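Reader: I would like to go through the cavities and the chain contact of a model. Please give the general idea each time, then the case.

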Amino acid sequence: MNNFAIARPDSYEAASAMTRDRTYKLAVLKAGGVDLLDHLKGGLIDPDVLIDVRRVREAGAKDPVGISGGVIRVEAGATLAEIARSDELLRAAPVLGQAAGDAASPQVRNAATVAGNLLQRPRCWYYRNAQFPCLKKGGSTCFAVEGENRYHAIFGPGPCHIVHPSNMAPALLVGDAVVHLTGSGRKELPLSELYHMPDKGVMSENNLEAGEVVTHITCRPMPNSAFYAIKEKQSFDWPVAAAAVAVELNGATITSARVVAAAVAPVPWWLPNVEAALKGVDVANDEALRKACAIAAEGAKPMTDNGYKVKMLPVAVRRAVLRSAGRPTEVES
Amino acid sequence: MKADTAPAIPAGPFAIPTDMPTLNRPMNLGQSIDDNTSRLDGIAKITGAARYSSDMILPNSLYARFVRCPFGAANLESFDDTEALKVDGVIEIDIQPKECQYDGQPVGHVAATSPMAVDRAMRALNLKWKKLPVKTQITDTVKQEVPQGEVSGADVTFAAVYSTPVQTHSSLETHGGVVDHRGDKATVYASTQGTSSVRDGFGDALGLKQSDFEVVCEYVGGGFGSKLGGPGKELMLAAKLSQKFKRPAYVMCNRWEEHLDTGNRPSSMTSVKLGLKKDGSVVGGEIRTWGGTGVGRGGGGVAIPSGRYDFQGVDKKHNDVSFNGGGPRPFRAPGHPQAVFAEELMLDEAAALIGMDPLTIRRKLLKDDVYREMMEMGARLIGWNERKPTGSQKTAMRIGYGIGTGGWGSASPGGSAEVVIHQDGSVESRTGTQDIGTGQRTSMGICTASAIGIPLSLVTVQIGRSTLPPGPGSGGSVTSPTTAPTMMAAAEAAKKKLLEHVARQANEKAEDLSVKDGQVLRRGEKFLSWKDACSKLTAEGVTGSASTGEGGRGASQGVQFMKVVVDCETGIVHPRHVIAIQSCGRVICRKTAESQIIGGVIQGISYGMFENKILDRNTGAMVNPNLEWYKVLGPNDMPHIEPVLWWHGQTGVKALGEPPNIPTAGALACAVYNAVGSPVRHLPLTPDKVLAALEGAAS
């Protein structure tokens, strides 16, 4: 790690301008600093200035999260803890609080922000280890392919097999979230267009342009929504498979569903086939629900050591559906 | 497989309260000198006031780290330190190219005026490594094969292979320390389990007589065996640099290095063939074990058969197997947890073959009645009668019960202590042992206070300095068994001197005087307050000293019962309840003793469920040298743990450090087997293996 300066701009616009300041070799935005610190300690990046946006708020934004005019708005700097403890969100979109509250540890949730969570780099142990010159670091090999891939992706053509690490992305996606930006011509980007697969560029995971800064995120209310993560450890661990679900119900019958899986692919993974299969399913009908969810891992191409995720994913989806409909899963019953 | 039926549990020899409070229940079957004293240094530790060796950032210090091989096997063909030497603050770079045999093997070091400068220089070294082929596990050398053939004379023959991974100690405070060499004197701040052995281990490395340097280790952030013995390579480097440059030298591993090169519990593979009669007796078989010792030579022993069960005619063979990984170091009951995992699960599996309950076969095979009695009690406390036959549950969430046993024997090495009674009534207990987390300060204080007959608040405890009367190294669970009687004898000696002094001054007979509850009594009647009695001393007070020689080998027994819930859709194991019965002898402080047991169980569950040093199969580099992917259990994974201190009439202090870590992983594996219906024979019990076992059970 080299010495670096810390800049404290008072607006996102100023922060954006700083990222384009050619005086610096590498300017990096810092919000919670969680992923940034890992990168610095791992010797993966060597910035000469950190642009601290942790306390920046958009003009007029008061609370970290809020609902007005039927739209949920989450400030970029809202912490996962703030999202998890918002009673308003818990009613309007339980999936958000569940996803936030399930992540990491209380200490991390107090620091980590929603924008940082969306834009964090993958946790792949080859990427994080400076001594492996993997594709993401400009190398020519994905070491997971013939190496240790128990936590890697079961979907996607490669050539890199990371799993997308964010809990918030799938949770926001089922609410058709929009990412609001400053620093370029475009003012917003649907969250569904934020990420790209490794075959569209392996050195980054998102489609933000240089100088673009996330200011806030909006999504629709989804009172029947839930997040379910399967984790090896129940404290401070990354999911090995997870699902975010938002449904609309007529009585106990699902009239429409949004289903996004996490920790199984290089991007948050839409499951349109499950969404279609869930339509018309009575959530009280265990057999029908299982059948609809069983196809969640259709098309998966597990690697040598991660075939178990194929079995887990339908479980995560089904339990998220049950939760979204206010029903207990096996764990609670 | 026949359905095993749970036997009735007979009334045990002990009355067990039916309403068991969950915390601090009155379940202490033994005698404790003190019940509920919290650690004397607890506040200092949680507020950060306690200064560990890693906190010793001294003025003008230099910092050093080892340059390490980044692969399992590689040849350092060249390096160019031109740029590295230009880095501001770099003091010394010393690299010796050589062929390395494990990830993390040192080839030299970089010293600089700040950790950042060390880091920058490291990255500028331009090392050219040539990778070599690697072996990363036992099975790269030894084929995993289930033994074939029947055992002659047996009704059934059971055969299987079990394995356990490499476990790293993962001490929160890493290895190393600080050496402050001032020319004619030196102070060594060591993170160690042996303050005296660090002093002795320096030899001539400091260029000083032992009387001219002091080893200080007031607090240790965990060791679990890995910080036993001499100074270690980190402190030796610090000594060399500090002596050479005449300024303090700070050499502590970072988390990465800690996983790679500070020792581990070696992996193991155990292949068993067991011949049984239908009545559960064992009539023969063979047990072969392999210990994965990395580049280490020796230390991979697997303590199976444990000797607790009657295995007639079972042969045992062991081999250590090398591969490209760091070598082992002692780890909380070396060779035992890996053995108990295989032995207990093997017993349950073999019992199922003859339709016998796990409790019944243990009753049959246990050689020592103590274990049998512990087992009856544990069965009652965990609710063994609720246990369903293995494989009989069909629901998603299945409950399982398992049993593990543990035995331990170690000999006290002897040690010295002194107790000083001052003129103002304050008392100082001094011994050069260290506290690796067992509560030594607290128990030494309690020993002193109780032996004299004064409140604990009057006692100050000094430990962790080589200039104190030498205490034992903290290994083999002998610290308290050694220090407690020694400190008590020293306290008795100091009290005797005080009373003799008081008697002389007051024209009394010393044998008529005694101390109780902070009062000096004369023939049992109140005579003087403690303070008044001490005020009669001269300025130097009185000092009582004691030394104990090597003691006999003590035996310690333990039985644990585990209740788990297994989510059979996800394969996630949720430990719910543990009964941990441990023979304890005379307990000094019940709270710290129970805390030791709880800690042992926690580490055992973590070993059974998560811990795994994973080496990349192609490069031999560890892929999880952190606490993110080297998983250690957290609060949400902890069951309710009930320690039961089992007193068997002994008056001595018994081992409690290692023993409670022995049975846990075995009990856990048995509980999962009971719930799932098919065994997971390879630790850790991760969901992928549980799901695979479920498929096995279904087919």
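Reader: How many nonpolar, polar and charged residues does the lining of the second largest cavity have by class?

Author: Ala, Val, Leu, Ile, Met, Phe, Trp, Tyr, Cys and Pro count as nonpolar, Asp, Glu, Lys and Arg as charged, and the others, Gly among them, as polar. In this predicted model, that lining has 10 nonpolar, 2 polar and 1 charged residues. Nearest the centre of this cavity lie A:C124, A:Y126, A:C134, A:C142 and A:C160. In chain A, α8 (125-128) and α9 (143-146) each supply at least two lining residues; helices are DSSP runs (H or I, at least four residues) and strands likewise (E, at least two), numbered from the N terminus.

Reader: What area is buried between chain B and chain A?

Author: The size of an interface is often given as the accessible area lost when the parts come together. Here, with a 1.4 Å probe and summed over both parts, the figure is about 3500 Å², 51% of it from carbon and sulfur atoms. B:E569, B:R617 and B:W629 supply 18% of the area that chain B buries against chain A, more than any other three residues. Counted by contact (heavy atoms within 4.5 Å), 41 residues come from chain B and 35 from chain A.

Reader: How many salt bridges does the rule find across this interface?

Author: The rule asks for a side-chain nitrogen of Lys or Arg within 4 Å of a carboxyl oxygen of Asp or Glu. It finds 11 between chain B and chain A. One of them joins A:E148 to B:R617, with the closest N and O atoms 2.8 Å apart.

Reader: Which element gives the most to the chain B side?

Author: α15(B) does, with 5 residues.

Reader: Which conventions apply?

Author: Residues are numbered from 1 along each chain as its sequence is written, and chains are lettered from A and ligands numbered from 1 in the order in which they are written. Local features need pLDDT of at least 70 and side-chain atom pairs count only at pLDDT 80 or more, while totals for chains, interfaces and linings use all residues; side-chain values use heavy atoms, without hydrogens and water.

Definitions and conventions. 1 Å grid on protein atoms, 1.4 Å probe; cavity = no way out; pocket = protein on both sides within 12 Å on 5 of 7 lines; lining within 4 Å. Buried area = accessible area lost by both parts, 1.4 Å probe.
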